[in-house]
Amino acid sequence: MTVQSVLDKVSEVPGAGEVIRVIDPSTEEQITEFRDGGAAAVDEAVARARATFESGVWRNLPARERAQILWKVADLIDVRAPELVQLETINNGMPFVAAEGILPSCAELFRYYAGWCTKIEGTSFDIQMTAGITGTQADLHGYTLKEPLGVVGLIFPWNGPLFNACIKLAPALAAGNSCVVKPAEETPVTAFVLDQILREAGVPEGVVNLVLGYGHTAGAAISAHPDVDKVAFTGSTEVGKLIVQAASGNLKKVTLELGGKSPVLIFNDADLDTAILSAAMGIFVGSGQGCVCGSRIFVQRGAFDRVVEGISAIANGIQLGGPKDEGAHIGPLISRKQLNRVMGYVDEGRQEGVEVVTGGHRLDRKGYFVHPTVLTNVSTDARLYREEIFGPVVAVLPFDDEDEAIALANDTTYGLAGAVYTQNGARAHRLAKRIEAGTITLNCQLVFDHQMPFGGYKQSGWGREFGKDGIEMYLQTKSVYNQL
Ligand code: NAD
């Protein structure tokens with residue numbers, strides 16, 4: 001399909017609520033619009049999902065056939081990759097290279113979880129018991145069944161729209177669930193194409209149900225719906241807490257992939273060229289709109305000046321631009337709201353005496369571009385130090401020894417990721433154990449693999465995505481006792 005025909009089709013997705021305009025954040029121009037589906041669209045989507053779950057049309061399909069269909073989804077993502085790259089870039093604003101880089105991972109997620117369809121298995125037990133008051137000896141055979149949860153609601157944000165959709169849909173479908181899918185209102189476009197691809201690959205009608213709308217309308221309706229068995233959510237910690245409250249009505253299962261304020265520790269003995277480059281990319285990639293971005297960099301005092309200088313030099317060399325700007329490394333922030341939010345933190349910091357080593361301003365052009373920003377002299381009480389900014393803004397602070405570095409790193413309510421740069425192997429592993437976060441990277445950042453579980457400690461989330469843990473989150477265990 002052409003880009004324009006997809007955008008036209010997005011505007012035809014049924015909804016009776018407010019008109020929501022979809023903006024290309026690199027130009028501030030509207031690319032399409034749609035109507036908020038709200039609670040009414042959610043009710044219909046849940047009813048369709050429930051009907052397909054009860055009919056068994058998907059969950060009772062032989063596992064090898066489910067696997068073949070998911071594998072075909074991956075192949076179709078590959079076939080439509082050029083179109084998906086174009087759509088992702090004009091909707092999210094990311095440069096082509098960024099979208100081209102992530103597309104293979106989207107397909108690979110479906111292949112990875114296609115492999116799990118035929119490996120969902122329980123365990124068995126030999127049981128001897130003394131039965132009741134008679135004291136008779138009984139032999140039993142016990143076994144467990146792994147079963148899908150039912151109707152699952154999948155809600156995710158705009159920072160990697162297609163990838164976020166695939167992270168949730170691939171394991172949810174591999175496990176045999178029926179789904180209600182709500183992408184971010186800012187970025188509905190590639191989720192719409194994925195919905196088409198799923199059907200073309202053979203996922204039966206009604207198993208995946210796309211709802212477009214706001215979070216406080218459609219998202220809230222999914223979270224509170226009495227006939228939804230689970231919500232898998234990626235987004236802010238603030239909204240994660242609202243989802244937990246809404247889910248309490250029917251005690252639906254909840255998994256949460258939330259925000260972060262990830263620490264990066266750079267020691268004097270690190271390979272500083274590598275550390276500087278990785279730490280700079282670890283915050284500025286995606287304009288800082290990544291949950292694992294290392295937004296607090298702690299540097300041992302002997303290397304402090306060199307690291308600040310090095311990261312600032314990289315920040316100044318980064319080419320900002322939209323998909324149409326040749327050679328752009330990173331794109332804009334997603335929206336005017338996000339731009340105002342990020343600049344609000346920086347302006348507040350300035351008033352509090354923070355030193356802006358570089359950046360701290362938006363670009364003088366159309367689009368929500370903020371210059372990569374390096375801050376020093378930051379108080380650990382400052383809001384910009386404690387709260388997730390989700391923009392290209394990093395605070396760099398000095399430390400003297402390991403204990404001080406760990407105290408600083410763990411002094412946060414978040415616990416998504418952490419990085420350590422040192423050539424002392426024992427120290428690296430010692431600190432990997434001491435940092436309170438779900439993913440630790442040693443002498444690198446921005447690495448990930450489908451096999452490795454990902455998720456948050458503390459207020460960065462509940463549960464894990466990716467790997468075996470990822471599919472377990474969409475299954476429940478039944479224990480069966482059989483008297484022999
Ligand atoms: P957000 O929480 O505002 O929105 C995320 C999604 O939730 C959107 O689809 C939105 O429509 C929906 N939503 C909003 N209010 C809702 C409500 N009351 N009920 C149900 N759904 C609702 O997040 P955002 O600002 O759009 O995205 C950025 C956040 O996402 C950051 O905090 C970032 O760290 C986090 N994030 C986390 C991960 C991770 O894996 N841990 C990955 C990417 C982004």
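The buried residues of helix α14 are covered by elements that include β10 (263-266), β11 (296-300), α13 (383-386), β14 (393-399) and α15 (425-434). Helix α14 itself spans residues 402-410. Its buried residues are E402, A405, I406, L408, A409 and N410. In an α-helix, residues three or four places apart point the same way, because each turn takes 3.6 residues. The model described here is predicted.

The chain as a whole holds 16 helices and 18 strands. It has 484 residues, and its radius of gyration is 24 Å. A compact globule with that number of residues would have a value near 23 Å, so the chain agrees with the globule rule. Along the principal axes, the C-alpha atoms fill a box of roughly 75 × 60 × 40 Å. Of the 484 residues, 57% count as buried. The accessible surface of the chain comes to about 20,000 Å². Carbon and sulfur atoms account for 52% of that surface.

Among contacts between residues at least 6 apart in sequence, 71% join residues at least 24 apart. Charges were also located. The chain carries 42 positive and 57 negative charges.

The domain assignment divides the chain in two. Domain 1 covers residues 3-258 + 459-483, and domain 2 covers residues 263-449. The contact between them takes 27 residues from domain 1 and 29 residues from domain 2. The centres of the two domains, taken over C-alpha atoms, are separated by 31 Å.

Several single residues illustrate the fold. A201 is placed in helix α7, which runs over residues 189-201. A201 counts as buried, because its relative accessibility is 8% and the cut-off for a buried residue is under 20%. Leaving out residues up to four places away in sequence, A201 touches I69, K72, V73 and L76. Q68 lies 133 residues from A201 in sequence. In space, the C-alpha atoms of A201 and Q68 are 8.9 Å apart.

M94 sits in the loop between α4 (81-92) and α5 (96-117). M94 is buried, at 12% relative accessibility. Beyond residues up to four places away, M94 touches E88, T89, A99, N159, P161 and P323. The C-alpha atoms of M94 and F267 are 33 Å apart in space, with a sequence separation of 173 residues.

N60 also belongs to a loop, the one between α2 (38-55) and α3 (63-79). N60 counts as exposed, at 57% relative accessibility. G176 is 116 residues from N60 along the chain, and 7.7 Å separate their C-alpha atoms.

K478 is in strand β18, residues 475-483. Its relative accessibility is 39%, so K478 counts as partly exposed. With neighbours within four places in sequence set aside, K478 is in contact with Y143, T144, L145 and E147. The pair K478 and I23 is 455 residues apart in sequence. Their C-alpha atoms are 46 Å apart in space.

N377 is found in the loop between β13 (373-376) and α13. Phi of N377 is near 55 degrees, a positive value in a residue other than glycine. N377 is exposed, with a relative accessible area of 58%. F466 is likewise not a glycine, yet has a positive phi of about 75 degrees. F466 is placed in the loop between β17 (461-462) and α16 (467-472). F466 is buried, with a relative accessible area of 6%. Thus N377 is exposed, whereas F466 is buried.

Definitions and conventions:
Residues numbered from 1 in each chain as written. Predicted model: local features only at pLDDT ≥ 70, side-chain atom pairs only at ≥ 80, totals over all residues. Heavy atoms only, no water. Helix = DSSP H or I, 4+ residues; strand = E, 2+ residues; numbered from the N terminus. Rg over C-alpha atoms; globule rule 2.2 N^0.38 Å. Buried < 20%, exposed > 50% of the residue type's maximum accessible area, 1.4 Å probe, protein only. Contact = heavy atoms within 4.5 Å. Areas by Shrake-Rupley, 256 points an atom, 1.4 Å probe, with all protein chains shown as cover. Lys, Arg positive; Asp, Glu negative; His and termini not counted. Charge placed at Lys NZ, Arg CZ, Asp CG, Glu CD. Domains from an automatic or database assignment.
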